[in-house]
Amino acid sequence: MNDVNTNKTDSSPKGIFKDSNFLWMIGGGAISMLGDQFTLIALPWLVLKMTGDTLILGIVLALISVPRALLILLGGAVVDRYSPKTVMMQTKYINTLLLGILSVLIFYSKLELWMVYALALGLGISTAFSIPSGTSMLPKVVAPTQLQSANGIMLGMRQLTMFIGPVLAGLLIALFGTHDGTYEQGMINDAQGLAAAFFFDCFTYAFSAWTLSKVRMHAGMPAPTGDAPTAPKPALLQSLAEGLRYCWNEKQLRSCFLYWSAIAFFIMGPIQIALPVMANQLSNSASALGLLAGSHGAGTLLGMALAGMKPNLRFGNLGRTILLVDFIVGILFIPMGLITASWQGAGILLSVGILGGFLHVAVFTWVQKQVPPHMIGRAMSMFMFIFMGIGPISAAFTGWLLRSISVPQLFMGSGSLLVLIVVMATQLSPMINVTDKRASI
């Protein structure tokens with residue numbers, strides 16, 4: 001049910017913290033994102049303790065990621081049909097139940113491998129609907145003038161939980177776990193710690209469902225002239241096809257999605273795959289990888305904070321800002337493979353993270369503002385599909401490519417191609433004219 005948000009709004013960046021509606025959402029969202037990190041650490045650990053087989057671990061992770069990627073577009077259509085809050089509430093109830101069952105089965109030593117497969121599949125399907133609902137809610141919770149600040153806080157909070165969550169999860173598992181055996185006759189090493197980790201995530205979903213029930217939805221931005229929001233809703237697959245057509249027919253949206261697809265392909269793979277290889281070459285130590293990954297993560301968090309505090313920071317317009325930032329990132333990538341010390345790579349990745357974090361919030365907000373309210377779920381699911389679908393492909397391609405070329409060649413080629421894409425987009429696409437204002441449809 002959509003309620004009218006009657007809170008008075010303060011257009012300054014700090015004014016978002018006076019909006020009780022947003023505080024209910026960010027409060028529950030923060031603890032839920034923290035809980036997600038517990039499951040991300042506990043699930044691989046559980047599978048390895050049960051089987052010791054990395055192939056089975058890959059299958060379990062695929063049961064989460066593949067359905068999520070395949071169904072996320074359908075999830076966007078469902079969100080637009082039933083409202084993001086309704087869908088989000090249902091996914092929280094489902095995840096609470098799944099994680100509660102998992103923690104109980106582990107605690108009482110009743111868990112079998114087929115149950116892990118089934119629960120992982122359930123979590124993957126649920127996530128395909130929770131992601132588009134979560135990314136579609138903010139425009140209907142906060143005022144348009146506060147949207148970028150709200151996105152900066154929300155995305156920055158996610159980045160922060162990615163720092164502290166794994167550490168806390170590891171401590172919890174170690175604190176409650178045991179170290180006197182392996183998986184034998186139904187007993188799992190660290191069973192109590194793993195059960196505690198999954199139960200904590202279960203609690204966070206239940207808690208965030210309660211806080212979400214306090215959030216009031218408003219109608220969002222007005223639909224463009226000619227729309228008929230009161231018309232009968234089309235069939236679900238027809239609605240999905242309608243969303244895909246909209247994203248393709250809207251010129252600026254199509255150009256941005258194609259551009260971001262190319263950028264994601266040339267950036268995500270090197271960061272995910274080449275960084276561990278480079279860290280191993282630099283010092284043969286996990287501490288080098290931690291420094292490199294931590295620097296990129298810290299930079300991303302700083303960039304998101306900057307976007308939240310300076311929502312109107314632009315170099316001309318949004319399109320020019322996107323192109324300039326990506327051009328600089330390409331230049332920074334070119335010498336990345338030539339570094340001889342971890343601190344040099346950390347400095348480069350800190351800068352890349354700041355630029356990327358700032359841009360992520362800006363474009364995330366732009367997509368939310370660009371589409372009419374009744375289409376936002378499908379548009380945001382398409383936006384998320386670009387990165388979730390292309391990321392694994394980019395990583396696999398990078399791994400295959402590194403069999404034939406060196407790390408310096410990979411980064412030099414990736415950076416050079418990124419610069420070339422920016423130059424081509426400047427000359428051959430409408431990217432340079434993209435503004436924060438909503439395009440006429």
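**Entry 1: helices H5 and H6**

I looked up this pair of helices and found H5 and H6 oblique to each other. The class rests on cut-offs: under 35 degrees is roughly parallel, over 145 roughly antiparallel, 65 to 115 roughly perpendicular, and the rest oblique. The axes of H5 (residues 147–176) and H6 (residues 191–213) cross at roughly 140 degrees and come within 6 Å. Axes here are lines fitted to C-alpha atoms, for helices over the stretch in contact, and angles run from 0 to 180 degrees between N-to-C directions. I noted that H5 passes H6 in a right-handed crossing. A crossing is right-handed if the near helix is turned clockwise from the far one by less than a right angle, and left-handed if anticlockwise.

Which residues of H5 and H6 make the contact? From H5 I listed Leu172, Ile173 and Phe176. From H6 I listed Gln192, Gly193, Leu194, Ala196 and Ala197. Contact means heavy atoms within 4.5 Å. I sorted the residues of this contact into 6 nonpolar, 2 polar and no charged. Nonpolar covers Ala, Val, Leu, Ile, Met, Phe, Trp, Tyr, Cys and Pro; charged covers Asp, Glu, Lys and Arg; the others, Gly among them, are polar.

**Entry 2: what I am looking at**

I must keep in mind that this is a predicted model, in which local features need pLDDT of at least 70, side-chain atom pairs count only at pLDDT 80 or more, and totals for chains, interfaces and linings use all residues. Residues are numbered from 1 along each chain as its sequence is written, and side-chain values use heavy atoms, with hydrogens and water left out.

**Entry 3: helices H1 and H6**

Next I checked H1 (residues 20–51) against H6. Their axes are 8 Å apart and the packing angle is about 160 degrees. That makes H1 roughly antiparallel to H6. H1 passes H6 in a left-handed crossing. The residues of this contact divide into 16 nonpolar, 7 polar and 2 charged.

**Entry 4: the whole chain**

How many helices and strands does the protein chain have? I found 13 helices and 0 strands. These are DSSP runs numbered from the N terminus: helices are H or I with at least four residues, strands are E with at least two. The protein chain has 441 residues, and 51% of them count as buried. Buried means under 20% relative accessible area, exposed over 50%, and partly exposed in between (1.4 Å probe, protein chains only). I also looked at contacts between residues at least 6 apart in sequence: 86% join residues at least 24 apart. The accessible surface comes to about 20,000 Å², and 69% of that belongs to carbon and sulfur atoms. The areas come from the Shrake-Rupley method with a 1.4 Å probe.

**Entry 5: two serines with positive phi**

Most residues other than glycine have a negative phi. Ser83 has a positive phi, near 90 degrees. Ser83 sits in the loop between H2 (54–82) and H3 (84–107). Is Ser83 buried or exposed? Ser83 counts as buried, at 12% relative accessibility.

Ser109 also has a positive phi, near 60 degrees. I found Ser109 in the loop between H3 and H4 (113–137). Its relative accessible area is 24%, so Ser109 is partly exposed.

**Entry 6: Met115**

Met115 lies in helix H4. With a relative accessible area of 16%, Met115 is buried. Leaving out residues up to four places away in sequence, Met115 touches Leu105 and Lys110. I also checked Ile101: Met115 is 14 residues from Ile101 in sequence, and their C-alpha atoms are 9.9 Å apart.
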